[in-house]
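This report covers strand pairing, helix packing and aromatic contacts in the entry shown here.

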Amino acid sequence: MATTALRAQVAAKWQESFNRMNKGGSGISGLMTFSRAWEVATEFLRPKDISDPASLRQYNLVDIKNAFAAVNQARRLPVMLEVYMDDIRKHQYLITREVTTYMSHYEQLMDPEIIAKLVLRLVEWYDAWAPIPELGHTIRDAYTLTFQTHLFSILPPSFARGFKALCASTLPSVSTDSVVDARPHMWAAFETLGLFDRYEALIASVVYQHIESHVVKTCAGQWAEPVLPNLRDWMSKKVVKWMFSPYARGAKTMEDAALMLQGPGQRFDFHMSKTLCDLRTREIFSIIIDYPDSMGALQDLKECLQRVDQRAELVRTLRRANEMRLLHPGADTKDILTQYVSTIRCLRVIDPPGVLLFKVADPIRRYLRERPDTIRSIVASLVGDGESGDSLVDENEPIHPLQQPETEDYTDPNWEPEPIDAGPDFRANKPSDVISTLVSIYDSKDLFVKELQVLLAQRLLAVKDGNFEKERRNIEILKIRFGEAALQVCEVMLRDMTDSKRIDQHVQSQHASIMHPTIISRHFWPTLESSSIVMPGQFEKLQAQYAKEFSTFKPDKKLRWLPHLGTVHLELQLEDRKVVADVAPLEAAFIELFSEKNVWSLDNLIPRVGSVDRSSALKALATWLDLGVLKEDTENSFRLLEVAEDPTPGARPAISRPGATNFTKNPYLAAHRACAGIAPVTDDLPPASSIHQQQAEQMRVYWKFIEGMLTNLGSLSLDRIQAMLKLAPGYDRTIDQLASFMEAARREELVMTKDEMWRLNR
Amino acid sequence: MDQLTSSLAPPRNLPKSTITVSPPDVAGSVTKRLSNELMTLMMSSSPGISAFPKSDSNLFEWVGTIEGPAGTIYAGLTFRISISFPANYPYVAPTLKFDSPCFHPNVDISGGAICLDILQDKWSAVYSVHTILLSLQSLLGEPNNASPLNSDAAALWDTPDAFRAQLMKLYRPPSDTSA
């Protein structure tokens, strides 16, 4: 039971509400006015089915406004809003129906135009249901929210796809120049429905894809010229134009528009740079191959890398490509070097401080260090070897002395710290001298100088006409690079050549000889392959005679003959013909022996010329077989053909044919003008043993030490052996080299290993 | 404090400087000689003798190996010896002793000491590890029974079968893990 007080309170409230609605009108006339206004307003706000023409009516906006004002005065607007929203919710099925129809249609045809129609239709619905602006933001916003919430909840997943296709269709086509109508009203519709905010990422992705396809299509493989300016031009002409509708909507002035476009424009420009950067990164290996024809691409890449931080990616890609395409046994050392030099030049363009280069170069350098012929190739290109044609060194490049890695000069006012992404052992190699970089692959330049001597020895011995100007020039060039002192030995070698000419002239003046040796100083020349050929007969006499003359001329020196390195000019007087030939000394020695008797077996021939191995003996005899002077009757039995026989090509007569062999007269053998005691043989093997062979020779010394320590100290670990080898003079191998050496020794069953301990196999 | 530092610092420095200057020069030339000898020994291929420093840091202590020369009673046996060089080598002979037990008239069976004239009064600086080892190897086949260190062995020398039996009884092949 309510108390009196409560009753009074309720009555007071009632009275107050009544007064508010009635507005002091007589009786309930105020109330009547309000109820009329309410009805008009709600009728106006009630959502209508726009596809049903019957429900559409024209309203007198003045009445409506008055009605709303009345409702507002009575402070019943919030209640009316609730009713309104309720109504909308009740009518949402209309929109759902519409969307379903359009979308099923779209799913059948996949035509983005249907989506466009749907969007425009939805805008019609939206406009039809919208409250008048006089009701203020709150109602308008609430309405928009309700409408959009519902709309988004019913849009099927295929809508996003269609929407994307629709956006894409508005972009300027990649292939044609025509500008598609940007359809500003469609973008306005998107905005109205809130689709733009909801699908902004989607729209951006459309643009990104568009940029990507354009970049890839127009720039892939185009390395000669920088493409970035063209791309920027394309961006400003095509893409920015298109961007006005979606991104600069609502802009009143150009300045406004420019301001609004700035954000997305930068994003798109970034994306373009990134795409180009990715593209060039993928292509980097081929770009380097094409250098210097790919200068444009390098410029682009440099500019892109400043905008996009993809340096690590570039390094990774290039390293992978190098590993796959360059650093394998199939690649020629020369090619690897060329590519390395190109890499140096290319990466210097992209990144002048050289951080990228340092990171990329490291595996290449490590690999090159393992190749046996790297030094040889570098040295060959240093002196511009004929066969290596395009020298690694640019002819126009001034010749610098080799740079020593210099310590940082902190007192230099222009000193700059190392780049931020430089590795711990990064060395700034500022100078762009390629040769210094190549030489620095190895820790010391001594190796180069040694190999240079070997190469020079080969080349000097190959010179037949006594013209050493070219070699002299090379040495002078190299002196600038390596310094005077390093090349002193080479200098001596050159001197030897001219000296031996002089000595020879002197000796000849004392006692004319048909022999013209080249006299070299053993200490200054690389180890030449020795041989134990003993020249028989007249050759021996010639040598002895010459040596005698020489020792009277230079009493403190002694000649040691290297007969196998010379050539001999021979005239063979046979019964029916004369054979003239320039041959190797071994060949000459053999044919001279045939002046003693006509038939020789290989086993008898070999001891007569000292010791030669069977295969080179056979090779020497083969020369005479080819010349038709000798004939192999049975295997390893050779007969002099005093009278030429018809060649029986390919067929080796199985049985010795008695025939023209029984002549008693020996052939008159005239060996004239034995050109030189030493002169090059154009053989498969270089006369001077290469660094590699010299290393093998050294390793034999070290093996003695290993043998010694294992004999006395029992089994040792690899580390221990490496440490102990320090006792061997000049030992400079790494433990890896030792390991492979020991492994080789194990294969030859000289040592065995157990639990990582090595011991002799006894 | 003052007292402490002044009393500590100078005595520490003075002997240090005097010590560090002189010995390396001497040690340097000895080390050079020893590494030359090592090189010679490694390069000479005398069968059955070999020696090598115990560690790469100390060239003054070597381990050697001698195989009994063929045709002697010691044929087929391997003996390990240790060689230690004095700091004034080669003016003073190195000390050699058998690590493997060696039953020999001129070798102490328990201590391994060797009685060889060139290692004592006949030593000369022209000898080297190589020549010492060669002498030692020939000593195995031709003992000097006039001044035996091991009189049992000297007594048995003329009865090869008994000698060999005694030799084999005491012989231990060098183990592999001496290092």
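In this predicted model, strands S2(A) and S3(A) pair in the antiparallel sense over six bridges. Strands pair if DSSP finds at least two bridges between them; helices (H or I, at least four residues) and strands (E, at least two) are DSSP runs, numbered from the N terminus. A hairpin of four residues joins S2(A) to S3(A), and Leu572(A) has Val579(A) in S3(A) as its bridge partner. S2(A), residues 568–573, has Val568(A), Leu570(A) and Leu572(A) on a covered face and His569(A), Glu571(A) and Gln573(A) on an uncovered one.

Residues are numbered from 1 along each chain as its sequence is written, while chains are lettered from A and ligands numbered from 1 in the order in which they are written. Local features need pLDDT of at least 70, side-chain atom pairs count only at pLDDT 80 or more, and totals for chains, interfaces and linings use all residues; side-chain values use heavy atoms, with hydrogens and water left out.

Chain B holds an open antiparallel sheet of four strands in the order S1-S2-S3-S4. S1 (49–53) and S4 (95–98) of chain B each have a single partner strand, so one side of each is left without a neighbour in the sheet. Neighbouring strands are turned by 25 degrees against each other on average, direction ignored. Helix H2 (residues 129–141) of chain B packs on this sheet, touching S1, S2, S3 and S4 of chain B, and its direction makes about 135 degrees with that of S1(B). Contact means heavy atoms within 4.5 Å; axes are lines fitted to C-alpha atoms, for helices over the stretch in contact, and angles run from 0 to 180 degrees between N-to-C directions. S3(B), residues 78–84, pairs with S4(B) over four bridges, and Ile83(B) stands opposite Leu96(B).

Over all chains, 24 aromatic pairs are found. Rings of Phe, Tyr and Trp (its six-membered ring) pair if their centres lie within 6.5 Å; planes under 30 degrees apart count as stacked, over 60 as edge-to-face and the rest as tilted. Two of the pairs are tabulated.

| Pair | Type | Centre to centre | Plane angle |
|---|---|---|---|
| Tyr84(A) and Tyr143(A) | stacked | 6.1 Å | 25 degrees |
| Phe79(B) and Phe98(B) | edge-to-face | 5.8 Å | 85 degrees |

Tyr84(A) lies in helix H4 and Tyr143(A) in helix H6 of chain A, so their pair ties together parts 59 residues apart in sequence. Both tyrosines are buried, that is, under 20% relative accessible area (1.4 Å probe, protein chains only; exposed is over 50%, partly exposed in between). Phe79(B) and Phe98(B) are also buried.
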